[in-house]
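Subject: Structure handover

Hello,

Here is the structure we talked about. Please open it alongside this note.

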Amino acid sequence: MCIEAIFLSSDVLFDTTLPHLAACNGAFASLGMALRWDQAQLRLAVRALGQRYAITAAALHAPSPDSAATLVARKDTLLLAALGGGGVPLDAGARQLLDDAAHAGCKLAIVTEQPAAIVAALLGACFGADVNSTFCVVASGVDLGAPSDNGAYALALRTMGLDGDNCLAIGGGAPAQQAAQAAGIWTVPFALNEADAQPGAHGCPQLPQLQLLMTGQRAEAAQQTSRSARLPQPAPGKARAVFTA
């Protein structure tokens with residue numbers, strides 16, 4: 001068994017916890033909110049809502065009903081400004097995974113809700129002109145709530161000419177995991193253990209670990225009468241993924 005492609009979210013490749021936290025707290029302050037998050041609170045929100053929309057978990061504390069969209073927009077602006085002052089180093093575990101995947105002939109793709117400007121800043125600072133030779137697909141600003149047959153993951157699979165049965169998606173929070181599963185892609189949570197529940201912890205599973213995990217998932221799925229029946233389906237929405245081969 002081999003993995004033909006691995007789908008990654010930007011938070012798997014780069015630990016942007018500190019600039020992201022600063023951007024969230026800056027957005028709170030700009031709306032006159034007294035709320036301030038710490039790293040543990042941010043990570044919990046990211047797990048539940050994904051990296052871009054984690055800040056909407058604080059919308060109940062905001063002054064107006066439309067503050068969720070305002071919080072996201074202001075956080076995005078502050079995060080982009082923070083990244084403009086210098087790139088975020090590629091996680092060491094992610095670097096090893098990319099090297100292992102290249103050696104094994106495994107394709108790599110990025111699917112993320114993060115805006116194109118933020119993704120471009122992160123990838124450009126790290127990979128430069130090698131972005132297109134490293135990743136077969138980069139999909140940014142995606143709608144993870146799009147119908148599974150026309151969502152970002154399904155479009156990426158068609159772009160690469162692959163079936164999801166031999167592909168894996170790592171991390172990205174609950175919305176990304178659900179969208180990948182709905183497209184028939186095996187998923188692996190970003191946390192292989194509870195270590196990343198601690199503030200500042202970060203890491204990326206290695207390709208041998210993923211091979212073993214995928215084998216275990218297959219064995220478990222073989223005991224199910226219907227694999228698709230146990231996959232959570234994302235809510236309908238409009239796809240707005242942009243792909244670069």
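This is a predicted model: local features need pLDDT of at least 70, side-chain atom pairs count only at pLDDT 80 or more; totals for chains, interfaces and linings use all residues.

Which residues of the largest nonpolar core touch the most other members? The core has 34 residues, and the ones that touch the most other members are Ile6, Leu8, Leu13, Leu123, Phe135 and Leu210. H6 gives the largest share of this core, with 5 residues. A second, separate core holds 21 residues, among them Ala109, Val142, Leu157 and Cys167. In soluble globular proteins, nonpolar side chains tend to be buried together.

Beyond its neighbours within four places in sequence, Phe135 contacts Leu8, Leu13, Leu98, Leu108, Ala109, Ile110, Leu123 and Phe127.

Next, the helix pair H4 and H6. H4 covers residues 67-84. Its axis lies 10 Å from that of H6, and the packing angle is about 20°. Because the angle is under 35 degrees, H4 counts as roughly parallel to H6. The crossing of H4 past H6 is left-handed. On the H4 side, Asp76, Leu79, Leu80 and Leu83 take part. They meet Ala117, Ile118, Ala121 and Leu122 of H6.

Thr112 sits in the loop that runs from strand E2 (107-111) to helix H6 (116-127). Is Thr112 buried or exposed? Its relative accessibility is 6%, so Thr112 counts as buried. The Thr112 side chain reaches the backbone nitrogen of Gln114 at 3.0 Å. Setting aside neighbours within four places in sequence, Thr112 touches Ser10, Val119, Ala139, Ser140, Gly141 and Val142. Asp11 is 101 residues away from Thr112 along the chain, yet their C-alpha atoms are 8.9 Å apart.

Last, helix H9, residues 173-182. H9 is mostly covered, with 7 of its 10 residues buried. Those buried are Gly173, Ala176, Gln177, Ala179, Ala180, Gln181 and Ala182. What do the buried residues of H9 pack against? Their partners are helix H3 (39-49), helix H8 (152-160), strand E4 (167-170) and strand E5 (186-188). After H9 comes Gly184, with a positive phi near 85°.

Best wishes

Technical notes: Residues are numbered from 1 along each chain as its sequence is written. Side-chain values use heavy atoms; hydrogens and water are left out. Helices (H or I, at least four residues) and strands (E, at least two) are DSSP runs, numbered from the N terminus. Buried means under 20% relative accessible area, exposed over 50%, partly exposed in between (1.4 Å probe, protein chains only). Contact means heavy atoms within 4.5 Å. A polar contact is a pair of N or O atoms within 3.5 Å; within protein, one must be able to donate a hydrogen and the other to accept it, and residues adjacent in sequence count only if both atoms are side-chain atoms. A nonpolar core is a set of buried Ala, Val, Leu, Ile, Met, Phe, Trp, Tyr and Cys residues joined through side-chain atoms within 4.5 Å. Axes are lines fitted to C-alpha atoms, for helices over the stretch in contact, and angles run from 0 to 180 degrees between N-to-C directions. Angles under 35 degrees count as roughly parallel, over 145 as roughly antiparallel, 65 to 115 as roughly perpendicular and the rest as oblique. A crossing is left-handed if the near helix is turned anticlockwise from the far one by less than a right angle, and right-handed if clockwise.
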